Structures are given as C-alpha cells and as structure tokens.
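Welcome to this short tour. Open your viewer, keep the selection tool handy, and follow along stop by stop.

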Amino acid sequence: RQMQEEGGFQGRTNKLVDSCYSFWQGAAFAVLWEAMRQQGVEVPEHFWMAPSSLQMYVMLACQAPNGGLRDKPGKNPDYYHTCYSLSGMSSSQWGPRTTDAPSGKTDVVGAPTNVLNRIDPFYNVLATQSVAAQEYYRGIRGPGQTEGAGYAKFVQREEEMLKLQESMEG
C-alpha cells in the first residue's frame, strides 16, 4: 500500500517503504486501468494512488548525493533501485493515459524538466521501444499465422499514445 507519511509504497504490512515498489506496485495501476478499459469498464481518469506523493518520496528521500537511487534513506544506491524507482516515477507521471483521456497531460512534480520518458508498464521498457518491438515481431509472423484478437487495436493505441507523448514534449 501507499503510505500517507512517506508517499512511497511498502511491499507488505509492517515493512518499511522501498523505492522499487514505485514500479512493482505503482505501475500495476496502469496495467489494471488498461485491462479494465479494454473490457469496456468505465474507468476514472485518476490513478487510484497519489502520484505526486510517490514522486516526492523518490526525489527527496531516495536520491543519493553522488547519483543513483536507493531503496530508502540511509542505504546505498544500486542499479536495481535506480531502474525501478525511475520506471515507477515515469508510470506515475504518465498515469493511465490514452489518447481519449480528457486532460492529456502528465502529472509531474516540480519543474517541467522533471518529466521522464514514458514507459510501457507491461514490459518496463520505453514506450517507443515497445512499439518498435511489436512492429518488428508483427513483420516476421510465419505463413498462415494471424494476429491475436485485439492485437492490431493494441498496437494502434500504443502508437496514438506515442504521438500524444511527442506532442506534449515538443
């Protein structure tokens, strides 16, 4: 759950907040939101969590003075926590955005330059790389193979989301 005081997520009850759960729990909301939307469930634009609080925790409590991110204050930074903290921040900034989202804007704490590139929360890679991989694998299907139901629509929505991101950045 997301802790009210710290703003970050704890992995389980009676455990301290850990920055890697910014992704492991935070990005799960984007996955659930999209799954529900694809099933025709009317989902709210909000994210079922406090994105600003999460970003504040990562930026203020988890940055190490010499670079990198750590799981919590007093610990050393490492690649694992740096990766998942940044991925969780990206997911919290972009939220469950689709091209038909009313606001179409990011939720970035601090200066606009704090915005991170959008990730694909399903694969934890940049959204642009996810679309490129999908296009590549779509092109090498064997004879007689067809795309799965809804696959083309999924790729189309990802492409629309990338266009939205590019328009907001430029």
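Buried means under 20% relative accessible area, exposed means over 50%, and partly exposed lies in between (1.4 Å probe, protein chains only). The model is predicted, with local features needing pLDDT of at least 70, side-chain atom pairs counting only at pLDDT 80 or more, and totals for chains, interfaces and linings using all residues. Residues are numbered from 1 along each chain as its sequence is written, and side-chain values use heavy atoms, leaving out hydrogens and water.

Select methionine 36 to begin. Its relative accessibility is 31%, so methionine 36 counts as partly exposed. Methionine 36 sits in helix 2, residues 26-38 (helices are DSSP runs of H or I, at least four residues, numbered from the N terminus).

Next, colour the rings. Phe, Tyr and Trp rings (the six-membered one for Trp) pair if their centres lie within 6.5 Å; planes under 30 degrees apart are stacked, over 60 edge-to-face, the rest tilted. How many aromatic pairs does this rule give? The count is five. Phenylalanine 23 and tryptophan 24 have ring centres 5.2 Å apart and planes at 70°, so they pair edge-to-face. Phenylalanine 23 is buried at 7%, while tryptophan 24 is partly exposed at 41%. Ring pairs join Phe23, Trp24, Tyr80 and Tyr84 into a cluster.

Finally, go inside. A nonpolar core is a set of buried Ala, Val, Leu, Ile, Met, Phe, Trp, Tyr and Cys residues joined through side-chain atoms within 4.5 Å. The largest has 10 residues, including Met3, Val17, Val58 and Val109. Helix 3 (residues 51-61) contributes the most, four residues. Apart from that core lies another of six residues, among them Phe9 and Phe47.

Methods:
Helices (H or I, at least four residues) and strands (E, at least two) are DSSP runs, numbered from the N terminus.
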